[in-house]
Amino acid sequence: MDPYFPSPNPPCAPKPCQRCGTRVDGEETEGWWLERERWQSPNCYQLLCLSCCVDAMNEESGQPNVADETELRELLYD
């Protein structure tokens with residue numbers, strides 16, 4: 001079972017954000033594989049654009065709260 005949604009293969013190909021459908025390509029739209037905890041199942045990773053990732057992190061109990069994309073970038077890339 002692949003824990004990544006969508007599948008990361010083929011690499012370097014744009015993939016859709018799992019919330020809004022925006023194509024995440026790493027240049028025009030940045031994204032992040034956000035770990036989602038699932039009870040009695042292996043954790044999974046969802047690809048989200050940064051704006052959706054802010055909302056998802058604030059909703060998820062195991063993730064730190066962030067105010068905006070700038071704060072999220074500092075948290076993720078440092």
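A pocket here is an open set of grid points, on a 1 Å grid over the protein atoms alone, with protein on both sides within 12 Å along at least five of seven lines. Keep in mind as you click around that this is a predicted model.

**Stop one: the largest pocket.** Its volume comes to about 220 Å³. Select V24, D25, G26, W33 and L47: of the 16 lining residues, these are the closest to the pocket's centre. Now colour the lining by class, and you'll get eleven nonpolar, two polar and three charged residues. Next, pick out strand β4, residues 31–36, which gives the most to this lining, with three residues.

**Stop two: Y4 and W33.** Y4 sits in strand β1 (residues 4–5) and W33 in strand β4, so the pair ties together parts 29 residues apart in sequence.

**Stop three: Y4 and Y45.** Keep Y4 and bring in Y45. Here the ring centres are 4.9 Å apart and the planes meet at 20°; under 30 degrees counts as stacked, so this pair is stacked. Y45 belongs to strand β5 (residues 44–49) and Y4 to β1, so this contact links parts 41 residues apart in sequence. Y45 is partly exposed too, with 24% relative accessibility.

**Last stop: the three rings together.** Show Y4, W33 and Y45 at once: they form one aromatic cluster. The model's count of aromatic pairs is three.

Technical notes
Residues numbered from 1 in each chain as written. Predicted model: local features only at pLDDT ≥ 70, side-chain atom pairs only at ≥ 80, totals over all residues. Heavy atoms only, no water. 1 Å grid on protein atoms, 1.4 Å probe; cavity = no way out; pocket = protein on both sides within 12 Å on 5 of 7 lines; lining within 4 Å. Points joined across faces, edges and corners; volume = space filled by probe spheres on them. Helix = DSSP H or I, 4+ residues; strand = E, 2+ residues; numbered from the N terminus. Nonpolar A, V, L, I, M, F, W, Y, C, P; charged D, E, K, R; others polar. Phe/Tyr/Trp six-rings, centres within 6.5 Å; stacked < 30°, edge-to-face > 60°. Buried < 20%, exposed > 50% of the residue type's maximum accessible area, 1.4 Å probe, protein only.
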